[in-house]
Amino acid sequence: MLRVSSTKNLGGITISGDHGDFESLYDSLHEIVGGEEDHPYHEAARIRVLGVCYDLRHALMGDREIILVENGMDKEKKKRMGTITPDANVYYSINVIWPEMLFVLMALNDFCRFYAYKLTKGRYDMMLDKSVIWDHNIAQIRLFQAEAAKCLQEAVEGKTYSRIINMMVVGYTWLEGYITQYLDVLNVRFLDMDREKRMKNLSIMVKRLTEKGEEYRSIERTILEAAKEYDRNPDDIRLNLEYPEQIDW
């Protein structure tokens, strides 16, 4: 079963699951975000979701951490069933920085709508259409989001959680042309905090991501001006930021 939990110092979340869990989530994320040609105005957000896919794939290749999870088999049960089995299952594990994860969770709401629109050819009640309501990919994504939301609820106080969830439920036009370099600013800033400050700033991170305030607008202007000057796509412009070599998860 796919699991999501906060890291020890609230630097981010840990996503864990067995081989089948990771393969299923990886495949569904790819299906939901589609190809580059499907979302030309949302490519930067799509790349951020694919960043999670990158870590999932590397975990499946044995390039990330593993954990052992008790599977409920004890000596008495094995004797009664007449079988020899391990007492624990191997789960793969990856970490994602909290602001990054919050952005991906919101982006997936939009990509689920795009995906449902495509399946139903734009029916007004698309989320209740028979081709959507039983769709495996949407169910898998919603399960992932639900586990992440449960993890978030355990990390913050009740009122703070409600405030965060309200801010995260936004319209699907929110992603169009979003300057995701701003997300790097928030990631680096968040990682520079201690555990207590991280807990207090989770709701502020969501507010910064969704409101497109003055700081976001300033970075957006910088990115667009640089893209024009160097004749590049805005997504290709990088800010002068450095992530820590060792993250205090």
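What follows is a short chat about a predicted model and a few of its residues.

Visitor: Hi! Anything to know before we start?
Guide: The model is predicted, so local features need pLDDT of at least 70 and side-chain atom pairs count only at pLDDT 80 or more, while totals for chains, interfaces and linings use all residues. Residues are numbered from 1 along each chain as its sequence is written, and side-chain values use heavy atoms, with hydrogens and water left out.

Visitor: Okay, which residues are buried in helix α7?
Guide: T160, Y161, I164 and M168 are buried there, in residues 158–168. They sit on the same side of α7, because they cover an arc of only 100° around the axis. Buried means under 20% relative accessible area, exposed over 50%, and partly exposed in between (1.4 Å probe, protein chains only). The arc is that of the directions from the helix axis to the C-beta atoms. Helices are DSSP runs (H or I, at least four residues), as are strands (E, at least two), numbered from the N terminus.

Visitor: And what's exposed on the other side of α7?
Guide: G158, K159 and N166.

Visitor: What covers the buried residues of α7?
Guide: The cover includes α4, α6 (136–155) and α9 (195–211).

Visitor: Let's switch to E100. Is E100 buried or exposed?
Guide: E100 counts as buried, because its relative accessibility is 12%. You'll find E100 in helix α4, residues 98–120.

Visitor: What is E100 in contact with?
Guide: Leaving aside neighbours within four places in sequence, E100 is in contact with R48, L183 and N187. Contact means heavy atoms within 4.5 Å.

Visitor: Last one: where is V90?
Guide: V90 is in strand β4, residues 88–97, and is partly exposed, with a relative accessible area of 44%.
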